[in-house]
Amino acid sequence: MKLKEEYKNLVDIQVVAFPQEGIIKMPGTEEMMYEAMENGADVCRGIPYNDAPAKEHIDIVFEIAKKYNKAH
């Protein structure tokens, strides 16, 4: 976030909260996603094909996105 602010006049930087290794199968990831959004991440994304159950993964991602008004 510091770099985003520092270079805002030179380049558009978009910070994405992305659970590369899944949310459900990687304990602590959901909390890190919330923390990333709390710290100003621009986007909340998921990778349901890399997690199980996929529906629960998607539900968590949308819950986080909605909380931070990022679900469009």
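**Entry 1: a pair on a helix**

Which side chain meets Lys55 in a salt bridge? I looked it up in this model, which is a predicted one. The partner is Asp59, with 2.8 Å from N to O. Both residues sit in helix α3, which covers residues 54-67. They are four residues apart there, so about one helical turn separates them. I also checked how open each one is. Lys55 has 60% relative accessibility and counts as exposed, while Asp59, at 39%, counts as partly exposed.

**Entry 2: the other salt bridges**

I went on to count the salt bridges, and the total is three. One of them joins Asp42 to Lys4, with the closest N and O atoms 2.5 Å apart. I wanted to know what this pair links. Asp42 lies in the loop between α2 (29-38) and β2 (43-44), and Lys4 lies in helix α1 (residues 2-6), so the bridge ties together parts that are 38 residues apart in sequence. Asp42 is partly exposed, with a relative accessible area of 21%. I noted that buried means under 20%, so I took care with that value. Lys4 is partly exposed as well, at 22%.

Glu5 and Lys8 also meet through their side chains in a salt bridge, at 2.7 Å from N to O. Glu5 has 47% relative accessibility and counts as partly exposed. Lys8 is partly exposed too, with a relative accessible area of 48%.

**Entry 3: the whole chain**

Next I stepped back to see the overall layout. I found three helices and two strands in the chain. Read from the N terminus on, the elements go α-β-α-β-α. The C-alpha trace spans about 40 × 20 × 20 Å along its principal axes. The chain has 72 residues, and 26% of them count as buried. I then looked at contacts with a separation of 6 or more, and 65% of these are between residues 24 or more positions apart.

**Entry 4: the nonpolar core**

Which residues make up the largest nonpolar core? I listed twelve: Ala17, Ile23, Met33, Tyr34, Met37, Ala41, Cys44, Ile60, Val61, Ile64, Ala65 and Tyr68. Helices α2 and α3 each supply at least two residues of this core. Its largest share, four residues, comes from α3. I wrote a general reminder beside this: in soluble globular proteins, nonpolar side chains tend to be buried together.

I picked out Ile64 to see what it touches. Leaving aside residues up to four places away in sequence, Ile64 is in contact with Glu30, Met33, Tyr34, Met37 and Cys44.

**Entry 5: the largest pocket**

How big is the volume of the largest pocket? I noted about 150 Å³. Its lining consists of Cys44, Arg45, Gly46, Pro48, His57, Ile58, Val61, Phe62, Ala65, Lys70, Ala71 and His72. By type, the lining divides into seven nonpolar, three polar and two charged residues.

Key. Residues are numbered from 1 along each chain as its sequence is written. This is a predicted model: local features need pLDDT of at least 70, side-chain atom pairs count only at pLDDT 80 or more; totals for chains, interfaces and linings use all residues. Side-chain values use heavy atoms; hydrogens and water are left out. A salt bridge is a side-chain nitrogen of Lys or Arg within 4 Å of a carboxyl oxygen of Asp or Glu. Buried means under 20% relative accessible area, exposed over 50%, partly exposed in between (1.4 Å probe, protein chains only). On a 1 Å grid over the protein atoms alone, a cavity is a set of points where a 1.4 Å probe fits but cannot get out, and a pocket is an open set with protein on both sides within 12 Å along at least five of seven lines; lining residues have an atom within 4 Å of a point. Grid points are joined across faces, edges and corners, and a volume is the space filled by probe spheres set on the points. Ala, Val, Leu, Ile, Met, Phe, Trp, Tyr, Cys and Pro count as nonpolar, Asp, Glu, Lys and Arg as charged, and the others, Gly among them, as polar. A nonpolar core is a set of buried Ala, Val, Leu, Ile, Met, Phe, Trp, Tyr and Cys residues joined through side-chain atoms within 4.5 Å. Contact means heavy atoms within 4.5 Å.
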